[in-house]
Amino acid sequence: MSEIKVLWVDDEIELLKPHIIFLEKRDYNVTKALSGTEALEEIKKQNFDIVFLDENMPGLTGIETLAEIKEYQVNLPVVMITKSEEEYIMEEAIGSKIADYLIKPVNPNQILLSLKKNLDLTRLVSEKTTSSYQQEFRKITTELSMINSHEEWIEMYQKLVYWELELENIDDSGMFEILESQKNEANIQFCKFIDKSYPKWFNSEEGNPTLSHTLFKNKVLPVIEKQKTLFVVIDNLRYDQWKAFEPFLNSSFKKDTEELYYSILPTATQYARNSIFSGLMPSEMEKLHPDFWLNDTDEGGKNMFEKDFLEAQLQRLGKTLNWSYHKISSLRQGKKLSHNFRSYKNNELIAVVYNFVDMLSHSKTEMEVIKELASTDKSYRSLTQSWFKNSPLLDIIQQASSLGFKLIITTDHGTINVKYPTKVIGDKNISSNLRYKTGKSLSYEEKDVLVSKDPKKIHLPAINMSSSFIFAKSDMFFAYPNRYNHFVSYYKNTYQHGGVSMEEVMIPFIVLDPK
């Protein structure tokens with residue numbers, strides 16, 4: 001650590017000699033000043049890291065000296081020391097942006113603590129966080145080999161996201177690389193768990209996780225039945241992105257429930273989101289609602305009928321509600337709903353699908369500027385946070401709070417930054433998604449995929465008798481052998497969904513109460 005330079009300003013500086021010796025023994029370089037005028041002269045001669053400033057001095061007072069210091073060097077931390085506890089002095093000092101406030105008599109340890117708090121905080125937090133994660137690393141490694149339930153996997157993923165957010169602002173790339181490798185290992189084990197467990201989840205509901213098709217009935221409807229509710233589905237929202245913008249809701253809502261549920265496979269909008277609104281698995285949608293359901297090879301928009309699906313689900317559940325549905329895919333549509341929101345104040349349910357995060361993910365593939373802005377998970381979170389803070393959605397949510405609405409925020413699936421290509425071959429009708437494929441005569445690398453040779457077992461429609469589904473594991477993506485290099489360079493390090501990873505499958509479901 002380089003030498004810390006301290007300026008101590010007090011008209012009775014000689015009485016503080018023991019304090020100064022105490023600091024100098026700990027390698028702090030202390031310069032003394034007897035007045036505000038002398039202090040300002042010292043500040044103009046040399047650079048200090050921090051100033052300890054007596055409030056009550058003859059000539060220039062501490063408050064006046066503080067104002068002069070800030071005018072000359074606005075970011076220099078100043079710790080005000082005073083005999084007085086009068087409120088107006090404290091308010092004036094705090095309003096002038098002091099770094100800390102100490103009441104006389106001060107002891108040396110108080111001074112040392114103030115120095116560490118103001119100068120060493122970032123380093124101390126970094127060291128404590130790194131040390132804590134190092135201790136947790138071995139525990140996580142052991143737990144990964146023992147996890148065998150959907151509840152334990154949710155706990156593990158939440159733990160990994162917690163450490164990712166803790167470590168993201170620490171200047172220790174080596175530690176972050178260790179976390180990344182641990183996440184990769186977790187995803188390998190998670191894919192094995194899904195391969196073994198997922199087909200069993202459809203045999204009965206008992207003991208199984210909440211899935212896309214049971215979310216509305218089991219989680220959303222009980223909330224609506226107690227209080228009018230704004231139900232927001234933000235397409236393609238990961239748990240870490242939710243944690244990034246959660247603080248912006250603290251002024252208008254308090255959290256009731258935060259949990260994760262499991263997206264169905266494929267973790268793609270036409271399957272997972274339609275499943276939420278219909279309360280059905282895709283094979284059931286195809287059978288019961290042939291006018292609404294389109295398979296991968298069919299022409300037309302695959303997500304055009306969420307409102308119709310929700311209406312049918314409410315009828316099937318025997319629920320008569322005053323409700324409305326809104327899909328937001330542009331700033332103009334968001335502003336329109338924000339402007340008209342109060343006209344829905346008597347609704348029992350306002351359902352909103354907000355598409356920004358999904359559009360951001362696709363834009364990252366198409367636009368070089370987005371590739372630059374969202375090149376890592378950290379920057380992707382930051383971009384999501386910036387969008388939410390300035391979006392009409394935040395205004396809609398704040399209006400909902402003032403009107404007494406409960407708020408549910410959830411999503412249909414997450415997304416993952418894909419790194420490694422794996423070759424796939426199929427006929428001309430093979431689906432286009434980079435993280436899952438369906439069709440007949442599929443050829444693929446078995447180690448890189450989860451396979452469903454009989455889609456009916458996981459309640460997916462079979463386009464023809466020999467159709468199967470394959471899902472890319474972890475951070476793999478499918479590439480065709482022809483134009484392989486071009487394909488790989490275009491899609492590598494982009495955000496995709498449809499496959500099997502913790503980030504895509506385990507997704508947030510949040511219930512909040514209006515303040």
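Q399 is found in helix α18, residues 392-402 (helices here are DSSP runs of H or I with at least four residues, numbered from the N terminus). The model is a predicted one, so to speak of local features a pLDDT of at least 70 is needed, side-chain atom pairs count only at pLDDT 80 or more, and totals for chains, interfaces and linings use all residues. Residues are numbered from 1 along each chain as its sequence is written, and side-chain values use heavy atoms, with hydrogens and water left out.

Back to Q399: its relative accessibility comes out at 13%, so this residue counts as buried (buried is under 20% relative accessible area, exposed over 50%, partly exposed in between, with a 1.4 Å probe and protein chains only). Setting aside neighbours within four places in sequence, Q399 touches S338, F341 and R342, where contact means heavy atoms within 4.5 Å.

S489 tells another story. This serine sits in helix α19, residues 484-491, and is exposed, with a relative accessible area of 54%. A polar atom of the S489 side chain lies 3.0 Å from the backbone oxygen of H486. P421 is 68 residues away from S489 along the chain, and the two C-alpha atoms are 9.8 Å apart.

Next come the nonpolar cores (sets of buried Ala, Val, Leu, Ile, Met, Phe, Trp, Tyr and Cys residues joined through side-chain atoms within 4.5 Å). The largest has 96 residues, and W153, F190, I194, L230, F231, Y262 and I409 touch the most other members. Helix α7 is the top contributor to this core, giving eight residues. A separate core of 19 residues lies apart from it, with I4, W8, I13 and V106 among its members. As for I409, its contacts beyond four places in sequence include V232, I234, L237, W242, F245, P508, F509 and I510.

What about empty space? Rolling a probe the size of a water molecule over the atoms shows where it is left. The structure holds one cavity of 30 Å³ or more (a set of points on a 1 Å grid over the protein atoms alone where a 1.4 Å probe fits but cannot get out; lining residues have an atom within 4 Å of a point). The largest cavity has about 30 Å³ of space, the volume being that filled by probe spheres set on the points. Its lining is made up of Y157, V161, E164, K183, R238, D240, D377, R381 and E503. Helices α7 (150-167) and α17 (377-389) each give two or more residues to that lining, and α7 has the largest share, three residues. By class, the lining has two nonpolar, no polar and seven charged residues, with Asp, Glu, Lys and Arg counted as charged.

Terms used
On a 1 Å grid over the protein atoms alone, a cavity is a set of points where a 1.4 Å probe fits but cannot get out, and a pocket is an open set with protein on both sides within 12 Å along at least five of seven lines; lining residues have an atom within 4 Å of a point. A polar contact is a pair of N or O atoms within 3.5 Å; within protein, one must be able to donate a hydrogen and the other to accept it, and residues adjacent in sequence count only if both atoms are side-chain atoms.
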